[in-house]
Amino acid sequence: MKRLLIANLIAVASLGCFFLYQEYQPALTYAAKGEQYKELMYQCDHAMREHYIAKMALEVEPSEFHIKNLQSSELGLIHCHEYDKIRKTLLAKGLTPSDLQRLGLEALEEKEYELRKFVEIHEFRY
Amino acid sequence: MSFDIKAKYFLLSSVLFLQTILWAADGMDSILRDASIRNGFVAADQINPEVDDSLVQIGKTFFNSKNVSLNGDISCQSCHIDKFGSADGIPNGIGVGGIGEGLERVQKGGAILPRNTLPLWGRGSKNFNVLFWDGKIEKVQEYILSQFGEDFPSMDPIVIAAHLPPVEIREMLVEDKFITNQKQERLTSAESVFQKITSKVIETEPQASKALAAYYSMNVNDLTYLQISEAIAEFIRAKFAVQNTRFHSFVFEDGKLTDGEKKGAMLFYGKGKCSSCHSGPLMSDMNFHAVPFPQLGYGKNGFGIDYGRYNSTHNPNDLYKFRTPPLMDVENTFPYSHSGAVDSLKEAIIYHFDPLRFLKPDEMSALDRHEYFKRLGASSSSMLASANLTDEEVEQVMEFLMTLSFIPADI
């Protein structure tokens, strides 16, 4: 009888944990993987920009150097594959496209805080 | 030698000495006048266009009205203030949600913009054909390069420029449901936003709208944003017209400068080679150059990066280049550079020839250091036009630059 009670308790607790996990999984994932997502987002953004710049440089000034540069930057686009993977993982774990947009915006504008810090440090006087 | 001869000799020597000093001073004055004119400096009244006073007054209402921002709480005047040299006195502009001026505006929140607000001095003057830091509006012969493509609304660059801030999200526009739906690269979507702004202006500024309609002999309800922008442009032409400075007076009216100011001017046009880029009626060649200024804020390209002119041309040779800023009233247009990262004129001058002096690599992130390395590389072509100046010489150049200050028109 006692064993049955303990087994039931464990089952209820496990079920509770499972539901809690389901409920809070997006928030936990957001906290755990957010920074990695932001970093990979930057890496992919950077790789895409470098690739476009290399393409334009070859167009403006065709040369062996610019061909090699373009080929390297094409390989660099692998970062976007990593970014795509983490994006899909986060969506699968319950984050919404809006959550990802918010993370993306945070990454893009991370240096916003610098303005207020700069003004404080330099003690702007008028 | 008798006393008489001694006295005559002394008198003659004194006269000759005085004459030499006067000749030298006069020689320096004429060299400076020639150099400034050779570098395109002209009298203020030669570049200021004729304006229509009635349109200027209507434009003043719209320039100062927060109703020109569709759903925000900001007017053109919020960021273009006389005491800050017609800019806003803070490093990165603050758009919608911003409160107050200067320091208060930074401390009280609001949407931070990626670049330093540009002063408006001389923006409506003749041949001022390249607008904004990256020249995103440029008049080339009978064509205007802008984000409007072939359907640019006017042949006047300042009129086109007056179209941009009210439809720039964060600057004068809050992104609500309506704006999200219009956020597409289509001219018609921009048109519907302009129509909505115009309707709001007609409703909230009835007197000025009626006067504008009368000016163009139109029905009020037929007004479009084009007429509103033309009125704003006329006000900018009048209010922010460059006035006579002490340097204008020196060059064109035989006015006087102090020795320090003249030495500074000689450095500006001579050894310092500043006039290689800072030439023309407003001390700008209207061309694009890279100067390795630090980057402050998230930048036009995000992540603390601003590619400058490249954003308009997509030509890699234009990476990190910005239009040479005009120097009129430069004393009051602080902070300096495209991201306002330099708060003193002295530092701004030094960054042109000795940028590593202020660099603290240990305090920078790896990305910031990498980006700075690229900016330094991009500026190498401008290195020909730089010379090492002593701190005393920098002070003299500053003294000269102060002679470009003026009292704005009282409109």
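Predicted model: local features only at pLDDT ≥ 70, side-chain atom pairs only at ≥ 80, totals over all residues.
Residues are numbered from 1 along each chain as its sequence is written, and chains are lettered from A in the order in which they are written. Local features need pLDDT of at least 70, side-chain atom pairs count only at pLDDT 80 or more, totals for chains, interfaces and linings use all residues, and side-chain values use heavy atoms, with hydrogens and water left out.

**Exercise 1.** Determine whether B:S339 counts as buried or exposed.

Solution. Begin with the cut-offs, by which buried means under 20% relative accessible area and exposed over 50%, with partly exposed in between (1.4 Å probe, protein chains only). B:S339 counts as buried because its relative accessibility is 0%. Then list its partners, where contact means heavy atoms within 4.5 Å: leaving aside neighbours within four places in sequence, they are B:P91, B:N92, B:N116, B:P294, B:Q295 and B:L296.

**Exercise 2.** Find which salt bridge B:K374 forms.

Solution. Apply the rule that a side-chain nitrogen of Lys or Arg must lie within 4 Å of a carboxyl oxygen of Asp or Glu. The partner of B:K374 is A:E50, with the closest N and O atoms 2.8 Å apart, and the count between chain B and chain A is 2 salt bridges.

**Exercise 3.** State how much area chain B and chain A bury between them.

Solution. Take buried area as the accessible area (1.4 Å probe) that two parts lose on being put together, summed over both. For chain B and chain A this comes to about 2,800 Å², of which 65% is on carbon and sulfur atoms. Finally, count the residues in the contact, which takes 40 from chain B and 24 from chain A.
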